[in-house]
Amino acid sequence: MPSEKPTRLEMNVNGVNRTVSADPRTPVLEVLREEFGLRGTKYGCGEGECGACTIIADGQTICACLATCGSLAEAEVTTVEGLENDPAGVRLFNSFIDNGAVQCGFCTPGFVVSAWGLLTSAKKTDADSIRDALGGNLCRCTGYTKIIEAVADAGSQQVLSPLSSRMGSVTADVCMPQRYWRPRTLAQLFSENARFAIEARFIAGGTDLMVQNEHHLGDLPLIDISSMPELSGIDETEQQVRIGATTTWSEIRYSSIVGEHFPLLSLAAAEIGGIQIQNRATIGGNIVNASPAADGLPALYVYKAEIELVSAEGRRTVPICDFITGPGRTGLRGGEMVSAVLLAKTGTAGRVV
């Protein structure tokens with residue numbers, strides 16, 4: 001059963017192991033700024049739209065306003081302050097100055113961190129690639145041209161960053177009784193769930209749930225399913241492709257399996273927020289949120305996706321057209337969760353022409 005005593009919450013921040021005293025439901029942005037005094041990471045919109053709060057978590061850029069500190073327990077977290085001795089970070093700092101890309105400075109840290117993500121990803125640094133990489137960041141001074149020039153200048157030569165390979169081990173069972181629980185496996189979840197709050201909500205990426213409940217997270221018991229290996233990954237057989245519910249849109253976007261068999265889903269993945277959101281948001285969350293504006297759903301309808309559901313009683317599958325019953329409404333039963341999306345291979349039917 002979940003521990004009756006709160007577990008100790010730790011994360012590595014800018015190379016230093018830190019103990020977090022805040023409630024694990026607290027956005028990591030608040031912990032970085034108020035508890036650790038790292039004020040370079042800004043609060044802008046609180047919805048993942050502006051990128052001012054961009055940080056690096058286990059080698060990927062994410063929005064700190066939309067990640068609970070519990071979900072990053074044992075992760076490797078880097079803020080803009082942590083880039084001061086990083087080769088890619090230093091090059092970007094100097095290039096932003098040399099190219100006149102620093103204006104009011106409020107958005108600059110987020111742009112630098114997002115640009116770091118591009119420079120260390122081995123992807124192209126042409127203008128279009130830079131615009132895509134910075135698509136989740138807003139400049140309030142309309143200095144985009146100078147920013148793009150600065151990133152292009154910094155990326156004109158290959159640069160290596162030791163931070164890109166620094167990965168935490170986000171596998172610990174984190175629990176604050178009746179408030180927040182991050183079980184490690186489905187077996188643990190179903191065997192011990194009865195001892196946790198009945199009204200608890202499942203959370204994975206949290207990019208929808210945290211926006212919807214920004215000022216009420218402290219009232220919401222959460223079960224964090226983001227670190228369960230059974231719920232992530234993309235696998236294929238001769239007949240179908242299985243995408244785990246906690247697979248992120250970045251993983252889907254760059255999957256060669258998805259790109260070959262379901263190119264419309266790859267295109268949809270590229271349109272879901274900025275890179276920071278794609279690195280965090282999950283396909284399962286996009287489905288259970290059942291928003292009329294969900295970018296991933298049209299492709300899933302086109303491909304006649306089957307939704308795999310799991311509970312302590314077993315598994316069942318439901319066609320997506322039957323699973324989503326209206327705006328914000330689904331056919332989930334009590335105790336159930338989405339475990340995967342199943343897509344049947346149909347030869348040439350899914351090709352983009």
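## Contacts of Leu265

Leave aside neighbours within four places in sequence. Leu265 then contacts (heavy atoms within 4.5 Å) Ile243, Trp249, Ile252, Val258, Gly296, Ala299, Leu300, Tyr303 and Leu343.

This is a predicted model: local features need pLDDT of at least 70, side-chain atom pairs count only at pLDDT 80 or more, and totals for chains, interfaces and linings use all residues. Residues are numbered from 1 along each chain as its sequence is written, and side-chain values use heavy atoms, without hydrogens and water.

## Helix 10

Helices are DSSP runs of H or I with at least four residues, strands are runs of E with at least two, and both are numbered from the N terminus. Helix 10 spans residues 263–270. Its Pro263, Leu265, Ser266, Ala268 and Ala269 are buried, meaning under 20% relative accessible area with a 1.4 Å probe, protein chains only. Their cover includes strand 11 (240–244), helix 9 (256–261) and strand 16 (337–344).

## Two cores

A nonpolar core joins buried Ala, Val, Leu, Ile, Met, Phe, Trp, Tyr and Cys residues through side-chain atoms within 4.5 Å. The largest has 66 residues. Leu72, Ile243, Leu265 and Leu300 touch the most other members. Helix 1 (residues 28–35) gives the largest share, four residues. Another core lies apart, with 26 residues, among them Ile56, Phe96, Ala101 and Val151.

## Helix 2 meets helix 3

Which residues of helix 2 meet helix 3? They are Ala88, Gly89, Leu92, Phe93 and Phe96. Their partners in helix 3 are Thr108, Phe111, Val112, Ala115, Trp116 and Leu119. The contact residues divide into nine nonpolar, two polar and no charged. Nonpolar covers Ala, Val, Leu, Ile, Met, Phe, Trp, Tyr, Cys and Pro; charged covers Asp, Glu, Lys and Arg; the others, Gly among them, are polar.

Note on methods:
Buried means under 20% relative accessible area, exposed over 50%, partly exposed in between (1.4 Å probe, protein chains only).
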